[in-house]
Amino acid sequence: MLAMPDTLQEERLHPERASERPKGPYLPVSHLPGLVIALDCVVVTVIGVLAHVALLPFSPVTVEYFVFAIVFITLTNVMLLSRADMYSVNAIMRPISRSDFLIVALLTAF
């Protein structure tokens with residue numbers, strides 16, 4: 001038997017509350033870790049590109065090395081934060097309780 005989403009169950013059990021629910025788009029909690037991972041990758045990559053543009057003159061040799069370094073640091077950061085379970089919903093909603101794992105993961109990544 002297929003399970004109904006929570007909103008459909010809520011409408012079926014309490015039809016009078018169906019009109020109280022916001023009409024706009026909503027973000028399911030199950031999508032939150034993926035969005036945080038994507039945001040984390042974008043931020044690390046953009047900071048790496050900005051650091052390259054600001055610190056080094058343009059040279060094809062340095063571009064190749066810096067692209068590899070940026071990709072490596074981004075993937076390492078995502079893997080370490082995943083290993084520390086920082087992309088779970090509980091860690092995202094309560095980051096202070098997991099701050100020791102976050103500090104160790106970030107210090108290891110950089």
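This is a predicted model: local features need pLDDT of at least 70, side-chain atom pairs count only at pLDDT 80 or more; totals for chains, interfaces and linings use all residues.

Modeller: Start with helix H2, residues 32–55, and helix H3, residues 60–83. Their axes come within 10 Å and cross at roughly 150°. An angle over 145 degrees counts as roughly antiparallel, so that is how H2 and H3 run relative to each other. The crossing is right-handed.

Now the residues in contact. H2 contributes Ile37, Asp40, Cys41, Val44, Thr45, Gly48, Val49, Ala51 and His52. H3 answers with Thr62, Val63, Phe66, Ile70, Ile73, Thr74, Asn77, Val78 and Leu81. By class, the contact has 11 nonpolar, 6 polar and 1 charged residues.

Next, the largest pocket. It holds about 160 Å³ of space. H2 and H3 each supply at least two lining residues, as do helix H4 (89–93) and helix H5 (99–109). The lining includes Val36, Asp40, Asn77 and Leu81. Asp40, Asn77 and Leu81 also take part in the H2–H3 contact. Met86, Tyr87, Ala91, Ile92, Pro95, Leu102 and Leu106 are lining residues too. By class, the lining has 9 nonpolar, 1 polar and 1 charged residues.

Definitions and conventions:
Residues are numbered from 1 along each chain as its sequence is written. Side-chain values use heavy atoms; hydrogens and water are left out. Axes are lines fitted to C-alpha atoms, for helices over the stretch in contact, and angles run from 0 to 180 degrees between N-to-C directions. Helices (H or I, at least four residues) and strands (E, at least two) are DSSP runs, numbered from the N terminus. Angles under 35 degrees count as roughly parallel, over 145 as roughly antiparallel, 65 to 115 as roughly perpendicular and the rest as oblique. A crossing is left-handed if the near helix is turned anticlockwise from the far one by less than a right angle, and right-handed if clockwise. Contact means heavy atoms within 4.5 Å. Ala, Val, Leu, Ile, Met, Phe, Trp, Tyr, Cys and Pro count as nonpolar, Asp, Glu, Lys and Arg as charged, and the others, Gly among them, as polar. On a 1 Å grid over the protein atoms alone, a cavity is a set of points where a 1.4 Å probe fits but cannot get out, and a pocket is an open set with protein on both sides within 12 Å along at least five of seven lines; lining residues have an atom within 4 Å of a point. Grid points are joined across faces, edges and corners, and a volume is the space filled by probe spheres set on the points.
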